[in-house]
Amino acid sequence: MSSILMLQIALSNLAEIYFLQGRYLAAEKIYLQANEIRNRLFTSEHPDIAHGLINLARTYAFQGRYLEAEQIYLQALPMLERLLGKEHLSVANSSDDLALLYQMQGQYSKAEQIYLEAYSIRKNILGENHPDVATSLNDIAVVYRLQGRYSEAEQTHLIALAMIKELLGAKHHLVAAMLNNLAVLYDAQFKYSQAESFLLEALAIVKNLFGDEHPQVATSMNNLATIYGSQQRYIEAEQLHLSVLKIRTSLFGKEHPDIPNSLNNLALIYLSLGRYEEAEQKYLEALSMRKHLLGDKHPDTALSLNNLATVLAAMERYSDALSYRIQASCINDLMINSIFAFSSESDRLAFIEKLRGNFNLFLSLVYKHLSNSESALQAALDFVLKRKALTATSLAAQNEALYSNRYPHLKEKFSQLSKLNAQLVNLTVSAAQRQDFADFQKKLAQLEAESNDLQKQLAAQVPEIQLSEQLPDRFAVAEALPIDSVLVEFVRFDFFNFQAVPAKGETQWYRARYLAFVLKAGLPDAVQMFDLGEAEVIDELISVLRLQLSDSSKKTLGWASIPKLPTKEYDLTTAIQLCQLLFGNFREALGGYKHLILAPDGNLNLLPFQILPLDETGKHLLMDEYTISYLGVGRDILRSGIKTGRTADAPLIIADPDFDLASEQAHGQTNKLLAIFGCDRLSRTQSTGFLGEIVAQKLLNARLYLGAEALETHLTSSKCPHVMLIATHGLFLPDSPPTPPIPNLIDPKTQIPKLKLTNPMTRSALALAGANTGLTGGSLPPKAGKGVVFAQDIAALDLWANEITVLSACDTARGDIKIGEGVFGLRRAFTVAGAKTLIMSLWQVPDPATALLMERFFDNLLCGMGRVDALQSAQDYIRKITVKELRDSALGLEVLKELLELKKLSPDTEINCQEQDTPLEHPFYWGAWICQGNTDPLVT
């Protein structure tokens with residue numbers, strides 16, 4: 001071996017030692033010398049040249065010189081792939097370095113993608129049980145945590161930690177690093193005791209290995225100090241943070257990203273102690289350094305801006321605080337685009353949830369301290385419009401792109417995703433018949449992982465999913481609002497008290513509240529904000545009112561010799577209270593505007609506002625004064641501008657399915673899945689058949705499917721209908737927490753596991769022909785599909801040419817509520833599938849009265865009424881219909897038969913009531929229905 005080659009190796013080894021010691025400037029100097037020798041020894045296309053470049057790039061990255069580092073990595077990594085092949089450990093190691101660079105810059109999706117590729121290479125070459133494989137898992141877990149995917153992060157961390165302990169022993173520095181990362185994860189989840197325990201163990205390991213002054217020692221001490229701060233052990237935390245700052249400055253100098261991290265953490269302690277001037281100074285230093293070292297668009301820069309805003313609000317400098325919040329939100333917008341660019345829907349939900357704290361702080365500032373500032377209210381509404389219901393917007397963009405033919409090269413991947421979704425739904429349907437629940441969970445997890453991976457691949461190639469175009473602001477929304485309309489954007493947020501001092505035992509976070517932002521058509525600057533009160537109070541009133549409205553348990557006197565017509569009554573107190581809370585503060589602000597477009601949040605999604613009474617009598621309702629329609633978020637008003645080149649097919653009507661449809665070889669099964677949905681057995685409803693036949697006569701060339709022909713495949717496999725009516729039973733399973741086990745009462749060997757459907761899109765469904773058979777494990781004819789269509793199925797349909805879908809079924813507007821993201825279930829499914837208008841119910845509705853209401857609705861619609869006007873007029877018709885009028889129609893007689901519990905009833909049957917009585921006045925019969933989306937008249 002030549003002396004010059006030995007010198008190059010010696011220099012590289014020395015530089016590596018300096019790097020491990022955190023002496024990055026010294027390492028850089030020696031690496032440059034070593035690379036200079038490499039360039040003399042080897043040709044430009046040689047693995048040693050690439051390795052030298054990667055060493056230098058890594059050093060730049062740890063100095064915060066990210067752009068220089070990235071340029072070198074992107075030069076060296078392809079060189080290694082060309083020279084060694086893509087399946088090589090050197091390629092995996094260098095890929096890890098590049099992934100870490102992206103992670104340090106906050107580009108978590110890019111980092112995850114590259115970490116996964118490196119993990120796959122190592123596993124293929126080294127097998128599943130190797131220290132390098134464990135390290136890869138640890139890296140992946142960290143990036144999961146940074147994206148807010150805490151459950152995945154914990155599971156992956158624990159696997160990596162167990163593996164590395166088994167392979168290298170419990171006192172290895174890699175064990176300490178993994179303990180540190182796991183502790184940071186627990187800190188993020190407020191599990192402080194577990195976090196502290198892991199950090200003390202990690203700190204003992206690294207101090208024993210490296211002494212008191214080492215980057216890993218500083219990291220463990222920093223994390224421990226953070227835990228002490230969270231536990232209100234402020235003096236201990238301050239002392240530790242100061243020690244960490246001293247160690248880091250000694251190791252790195254003042255120009256290193258870890259220095260502003262220490263300054264930021266120290267400032268948080270000062271803020272918690274009420275030492276605001278010191279906190280501001282440290283936050284300003286940290287912000288300045290992060291801008292200099294990391295750039296203006298880095299997530300850590302956004303963190304500094306938000307933290308500085310918090311301390312300025314505490315010092316009563318509210319306008320300055322808002323300015324910093326807005327700057328931070330713009331950086332987070334870029335982060336959202338970045339995350340969405342390589343993500344599944346679950347990833348997107350996790351990241352939005354991670355940003356929720358900043359959302360609460362922004363609104364707390366405006367609500368409490370800037371409610372009289374026009375510019376602050378405008379900024380707050382813009383902020384809400386670009387944050388609310390983002391994942392639904394992204395999922396809808398994915399669906400629209402799938403069917404648009406703009407991405408023909410992705411057609412196969414879109415097809416694969418559709419097939420995976422179908423497999424997930426089919427597996428769910430078969431779950432209740434499975435004896436091996438462990439096998440079911442394993443297969444479910446495998447399919448979900450494949451689906452998530454495919455979603456990420458598609459997101460990386462479809463800009464619409466990434467929300468790369470700027471989301472509509474209040475100017476675009478105000479311009480798109482119909483004349484004479486007002487948008488009321490409701491928002492639920494947790495309230496933060498900026499003046500509270502935790503060290504004095506003062507509470508910072510208070511109960512959630514509802515706000516209403518009012519935006520009038522054509523007036524983008526005239527934003528108004530109203531405080532509606534505590535969310536818990538409003539939510540409880542909604543729960544009580546829904547129970548009153550949906551209660552159909554009263555028995556009639558239908559078996560008397562002269563049947564007596566019952567009249568349902570309910571206590572108006574709750575409804576009046578709700579109306580006062582929700583509209584009392586700002587009804588005057590509505591002026592002469594008559595069309596209210598409501599965008600609810602939280603449990604407000606479960607309330608049909610139009611039924612709320614405006615006076616003590618309960619006779620004068622909101623719907624008597626206003627036309628009321630709904631949106632998921634105000635920016636959805638622009639969805640009507642999305643044009644599709646695909647033409648809609650003839651109207652589709654599916655009604656009165658034969659739920660017992662079965663193939664000839666079908667045999668009885670236990671009703672397990674039906675029981676999960678709270679059903680014994682679904683019964684046919686003749687009135688839905690009447691409705692289907694009546695509507696089919698009204699719509700030109702309508703395709704009508706009844707009984708055994710009311711099949712799932714007519715909905716999922718046919719061309720998009722111009723108008724669609726589905727009249728059947730809706731199924732909805734709330735996401736109730738599992739019942740805690742009762743010890744010593746059940747033998748664990750004989751206990752049957754309780755099936756819990758975790759995906760909200762498989763807990764909402766429409767029952768079609770064969771539903772009883774399919775949901776009990778029976779055999780169906782091939783054309784019948786599963787007998788049910790789940791929300792997951794519907795979300796994958798192409799309904800972008802569909803003008804209106806009417807779901808004349810129970811509970812179709814209900815689902816799992818995620819704060820800020822809307823209702824997960826049929827409501828979300830039809831929206832992301834592209835339906836322009838949805839007519840849905842918020843509770844279980846009586847079939848005959850519903851059929852009568854829908855008949856009137858379609859009459860109104862075909863007479864040229866707007867969609868929401870047609871619905872409200874039909875609701876008013878049912879509300880005021882008399883016994884005499886009910887006698888005059890076949891559907892009316894069905895209503896009376898149900899009310900009287902009679903099997904037969906003729907128009908001349910004597911009833912114990914007045915002919916002018918209005919037996920359907922109670923909102924139970926008509927009030928559940930809402931109209932979401934486009935409200936224009938239907939063009940036939």
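## Burial and the model

A residue is called buried at under 20% relative accessible area, exposed at over 50%, and partly exposed in between (1.4 Å probe, protein chains only). The model is predicted, so local features need pLDDT of at least 70 and side-chain atom pairs count only at pLDDT 80 or more, while totals for chains, interfaces and linings use all residues. Residues are numbered from 1 along each chain as its sequence is written, and side-chain values use heavy atoms, with hydrogens and water left out.

## Glu 28

With a relative accessible area of 11%, Glu 28 is buried. This residue belongs to helix 2, residues 24-41 (helices are DSSP runs of H or I with at least four residues, strands are runs of E with at least two, and both are numbered from the N terminus). Setting aside residues up to four places away in sequence, Glu 28 is in contact (heavy atoms within 4.5 Å) with Leu 56, Thr 59, Tyr 60, Gln 63 and Arg 65.

## Strand 6 and its partners

Strand 6 spans residues 652-657, and six of its six residues are buried. Pairing of two strands requires at least two DSSP bridges between them. Strand 6 pairs in the parallel sense with strand 7 (residues 703-707) over five bridges, where Pro 657 stands opposite Gly 707. Strand 8 (residues 723-727) also runs parallel to strand 6, joined by four bridges; here Ile 653 faces Leu 725.

## Cysteines

A disulfide is counted when two cysteine sulfur atoms lie within 2.5 Å, and the count is zero. The sulfur of Cys 863 has its closest cysteine sulfur in Cys 931, 17 Å away, which is too far for a bond. Cys 863 is exposed at 71% relative accessible area, whereas Cys 931 is buried at 1%.
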